[in-house]
Amino acid sequence: MTLQIDTSSYKNLDIKAHDDGVWVVTLNRPTKRNALNADTVEEMVEFFAAAPRAGVRAIVLAGSGDHFCAGLDLVEHHKEDRSPAEFMHLCLRWHEAFNKMEYGGVPIIAALKGAVVGGGLELASSAHIRVADQTTYFALPEGQRGLFTGGGATIRVADLVGKARMIDMMLTGRVYKGEEAVSVGLCQYLTSGSSMDKARELARTAAENPPLSNFAICSAISHMQNMSGFDASYAEAVVAGIVNTQPASKERLEAFANKTAARVRPE
Ligand code: 1HE
């Protein structure tokens, strides 16, 4: 049975389902530049845990206002005066949310603008595709704030840009934007228009794939990266055994054999 998501129960996320199966999830604290407080993280855990079982075909993740996300809610963190154990447990909730995103099997396209910094970059790097616009900039200001990453940057940002660039970003506060951000791997698309429009277009395209194929693409690849090559090749064969014999794949192969399916062409 398909899980129902009650979008009205979310306060820090604005969630809208569209007819094409694409859901738009918007961080909804623009006056705080969408800084991630503990409540927002809990809402992300809840939504991203439910999405794969709720018929969500693809997700666009965005921020309201001029900035995608200013990272950890520094004011909340300051006021709460957390103990090491309390902050560790908070970080584990961030990991819960971000792992649900990366490994959940539903394509997530991040529509970026303005600041994508600190924990905001950790969030963006948990999406499967990142789209930047002309205002988007990326940074890890943890060093300047006397902090360290706690939301998976050591894994995902290092994966995107490599260890040396990540260390440079953290030590010096280096900011990347524009074509340079694309070339170092922080985003895959840079649009002259709206990142939301481009992300919606990409999400619609992804949503047309059979859900089981998308599940494998947006879950198995990440899992396999964590395995030895030997185990990953075994797991790949098992996943391909299931995905490549599904009814939806048989229909598409029939269309290819009948010459009714689109061919792969350069644009
Ligand atoms: C915030 C936050 C925040 C803004 N936590 N409240 N992240 C950072 O080090 C980035 C901190 N933020 C900034 O550098 C700037 O705010 C921005 C570049 C994102 C935006 O600048 P601007 O001029 O548009 O806004 P502002 O005037 O700085 O802030 C507007 C309000 O948003 C203000 O609140 P107000 O109640 O005084 O109006 C700010 O306090 C609030 N605000 N950013 C809380 N981050 C798991 S570990 C992860 C570790 C990290 O993420 S470290 C990186 C933290």
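Biologist: What is the strand order of the open sheet of 3 strands?

Modeller: This is a predicted model. Pairing in the open sheet is mixed. Strand E5 (115-117) and strand E8 (176-177) each have a single partner strand, so they stand at the edges and one side of each is left without a neighbour in the sheet. The order is E5-E7-E8.

Biologist: How many disulfides does the structure hold?

Modeller: A disulfide needs two cysteine sulfur atoms within 2.5 Å. For Cys69, the nearest cysteine sulfur is that of Cys91, 14 Å away, and Cys69 is in no disulfide. Cys91 is in no disulfide either, its nearest cysteine sulfur being that of Cys69. The number of disulfides is 0.

Biologist: Does Cys91 count as buried or exposed?

Modeller: Buried means under 20% relative accessible area. Cys69, at 0% relative accessibility, counts as buried. Cys91 has a relative accessibility of 12%, so Cys91 counts as buried.

Biologist: Which helices do the buried residues of H6 pack against?

Modeller: Helix H6 spans residues 153-161, and its buried residues are Ala153, Arg156, Val157, Ala158 and Val161. An α-helix has 3.6 residues a turn, so residues three or four places apart point the same way. The buried residues of H6 pack against helix H3 (84-103), helix H4 (119-124), helix H7 (163-172) and helix H8 (178-184).

Biologist: Which residue just after H6 takes a positive phi?

Modeller: H6 comprises residues 153-161. Just after H6, a phi of about 90° is taken by Gly162.

Biologist: At what angle do H6 and H7 pack?

Modeller: Two packed helices are described by the angle between their axes and the distance between the axes. For H6 and H7 the axes are 7 Å apart. Their crossing is right-handed. The angle is about 115°.

Biologist: How many nonpolar residues does the contact of H6 with H7 have?

Modeller: H6 contributes Ala153, Thr154, Val157, Ala158 and Val161, while H7 contributes Lys163, Arg165 and Met166. By class, 1 residue of the contact is polar and 2 are charged. The number of nonpolar residues is 5.

Key: Residues are numbered from 1 along each chain as its sequence is written. This is a predicted model: local features need pLDDT of at least 70, side-chain atom pairs count only at pLDDT 80 or more; totals for chains, interfaces and linings use all residues. Side-chain values use heavy atoms; hydrogens and water are left out. Two strands pair if DSSP finds at least two bridges between them. Helices (H or I, at least four residues) and strands (E, at least two) are DSSP runs, numbered from the N terminus. Buried means under 20% relative accessible area, exposed over 50%, partly exposed in between (1.4 Å probe, protein chains only). Contact means heavy atoms within 4.5 Å. Axes are lines fitted to C-alpha atoms, for helices over the stretch in contact, and angles run from 0 to 180 degrees between N-to-C directions. A crossing is left-handed if the near helix is turned anticlockwise from the far one by less than a right angle, and right-handed if clockwise. Ala, Val, Leu, Ile, Met, Phe, Trp, Tyr, Cys and Pro count as nonpolar, Asp, Glu, Lys and Arg as charged, and the others, Gly among them, as polar.
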